[in-house]
Amino acid sequence: MTFLPDRRFCGAGALTGLTLVSVLAAGLAASGRAQEARATELAPLLVQSPEARPAPDWLRIAPGDPYLDLTDPAVPGATEVLVDTPDSRSWPRYQGGTLDGWSYRLFPDGSGLVLADRPQAPPRYVLICRAGQSCGIYGPDGLAAEVPAIGAPKPALPEAPDALALARYLAEWALAGTGTPPPAPAPKPVPAAPAVAPAPDTAPQGAAAETATALAQPASGTAAPKPEKITAPMPSVAPGCVEPNPFDPTVCMDAIDLDGPAPPALTPPAPVAPAPRPPARASGTAAVAPPRPAVATASAAALPPSAWEKFVKDHWLSCNINTGLSLKYTDGYDYSDQFGKLKVGAGCWMKLNDKFSFQFGVVGYPVKGQQAPWDPDFTYSLTYQATKSISFNYSNYTARFSGGGTNAVNSLKDGSLRMSYKLPEIPLPWDRSLACSTALGLPDPSDAALTVGCSTSVTDKFRLGATAYFYPDQHRQETWDPDFTYTASYQLADRWLLSYANYAANRFPWNKNATGGPGLLGGSLSISYKLKL
């Protein structure tokens with residue numbers, strides 16, 4: 001659910017627009033027998049609950065470390081697609097292609113989707129890969145296949161593949177050149193020489209026999225052990241899932257039992273045990289070196305994440321720094337029209353648990369005297385996700401540490417409470433959709449405007465949004481209260497976003513105020529950079 005910023009705030013200090021994305025629906029409509037099984041294993045869910053929970057720790061729901069070159073097509077005609085998304089839990093790019101009625105999406109961290117090549121098709125298989133280790137291929141019934149990383153070159157393109165064959169090919173393509181090759185087979189034994197009766201004073205042929213025996217003995221671990229298979233089934237693909245999120249391959253999957261045990265992580269190939277030492281050679285014979293055992297490389301073992309990396313992943317932590325410029329503004333002292341208010345800021349967003357998320361931002365004004373009494377020092381927003389569609393938000397976008405007739409303590413008490421409802425998406429031409437939501441103030445809806453906001457991506461990098469405001473009591477609409485606001489953003493690069501936001505007193509032609517509104521000059525330009533945590 002996207003929460004629109006307060007009408008009084010048009011700066012760039014807060015991380016407005018970030019949402020708590022529920023990637024797995026929670027709950028289980030099952031029999032008593034299934035309830036008993038939930039304590040020991042995770043059963044695939046075939047019924048989607050209206051409530052939503054994030055995925056557990058063992059399921060990657062935030063982008064991993066990128067290693068795939070998406071400019072190298074896995075299938076002829078495949079292209080790299082850039083998508084405008086301010087969400088830190090989403091990849092802004094992926095490789096998309098089609099082959100014999102199936103389409104796929106590969107992301108920089110090796111995750112991917114295989115789905116039917118038709119609009120709004122649910123994912124048939126989900127890939128979760130770890131470079132140098134293995135790829136798990138998950139379908140409606142859980143783990144369908146597992147492909148180990150053995151340092152193999154890129155595979156040949158399959159002919160007329162089904163969905164599983166295409167998923168296996170993509171897994172081998174993503175793992176190509178990573179992992180540890182299996183040890184080379186032991187050399188063939190040396191042919192025994194014709195028996196010759198030894199002279200009475202010569203040593204027996206024990207050394208030669210030992211050498212032949214050592215060469216004929218296969219080295220320990222001549223075949224690479226297969227990774228341990230996951231025994232607990234993965235969640236099933238939601239039967240009613242619409243167009244999947246191209247950045248998060250698990251968003252269209254049903255929930256699992258979050259109270260049950262987590263399945264084990266994909267286990268990398270175990271190091272090859274050293275070959276046994278050959279028996280002691282007889283005195284006076286030449287030493288023959290046994291075959292050298294294969295040594296597992298460092299890439300075969302998964303390095304445990306640090307405490308900070310685990311915290312960032314578990315809480316979906318995302319931070320940015322930004323700077324903005326209000327084109328036209330009202331001076332806070334003589335109320336004259338001025339131009340060019342400069343602002344700098346930083347902010348972070350994180351989920352606190354399955355239901356709560358929190359964002360906090362600080363704002364500074366480099367030019368002395370430009371901060372008006374209503375301009376914020378900091379902003380905050382606390383969101384409770386009640387269901388998949390309904391959420392509650394407590395926020396303050398004009399909070400001050402001091403000055404402006406308030407302080408930090410009062411700013412925490414003076415926030416506004418709103419309830420939001422996510423409306424069904426509206427399909428648009430060219431494979432686009434319009435995402436909308438509505439919100440009202442609490443506890444008395446008549447004290448605040450009812451809002452309806454929508455946004456859509458015009459291109460893969462360019463996005464537009466607008467919000468309409470309806471006042472239950474028209475007499476309560478102040479001069480500075482808008483009828484509508486609008487935003488636009490353009491993804492300059494993976495971590496750079498250029499934005500324009502106009503939260504000024506824009507009015508419809510039939511509801512003009514005394515000042516007429518500032519128009520386009522009432523907006524702010526900002527540029528933000530998402531920090532790499």
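The notes below take up the disulfides one by one and then turn to a loop residue.

This is a predicted model, in which local features need pLDDT of at least 70 and side-chain atom pairs count only at pLDDT 80 or more, while totals for chains, interfaces and linings use all residues. Residues are numbered from 1 along each chain as its sequence is written, and side-chain values use heavy atoms, with hydrogens and water left out. A disulfide is a covalent bond between the sulfur atoms of two cysteines. A search of the whole structure finds three disulfides, the term being applied here to a pair of cysteine sulfur atoms within 2.5 Å.

**Cys129 and Cys135**

- The sulfur atoms of Cys129 and Cys135 are 1.8 Å apart, and the two residues form a disulfide, which is right-handed with 115° about the S-S bond.
- Cys129 is buried, at a relative accessible area of 1%, and Cys135 is buried as well, at 0% (buried means under 20% relative accessible area, exposed over 50%, and partly exposed in between, with a 1.4 Å probe and protein chains only).

**Cys319 and Cys348**

- Cys319 and Cys348 form a disulfide in which the sulfur atoms lie 1.9 Å apart, and the torsion about its S-S bond is about 110°, so this link is right-handed.
- Because Cys319 lies in strand β11 (residues 318-330) and Cys348 in strand β12 (residues 337-351), the pair ties together parts that are 29 residues apart in sequence; strands (E, at least two residues) are DSSP runs numbered from the N terminus.
- Cys319 is buried, with a relative accessible area of 7%, whereas Cys348 counts as partly exposed at 30%.

**Cys436 and Cys454**

- A disulfide joins Cys436 and Cys454, with their sulfur atoms 2.0 Å apart, and this link is right-handed, with 110° about the S-S bond.
- Since Cys436 belongs to strand β20 (residues 432-442) and Cys454 to strand β21 (residues 450-457), the pair ties together parts that are 18 residues apart in sequence.
- Cys436 is buried at 7% relative accessible area, while Cys454, at 26%, counts as partly exposed.

**Thr459 in its loop**

- Thr459 lies in the loop between β21 and β22 (462-470), and at 37% relative accessibility this residue counts as partly exposed.
- A polar atom of the Thr459 side chain lies 3.0 Å from the backbone nitrogen of Phe462.
- Although Thr459 and Val83 are 376 residues apart along the chain, their C-alpha atoms are separated by 7.7 Å.

Conventions
Helices (H or I, at least four residues) and strands (E, at least two) are DSSP runs, numbered from the N terminus. A polar contact is a pair of N or O atoms within 3.5 Å; within protein, one must be able to donate a hydrogen and the other to accept it, and residues adjacent in sequence count only if both atoms are side-chain atoms.
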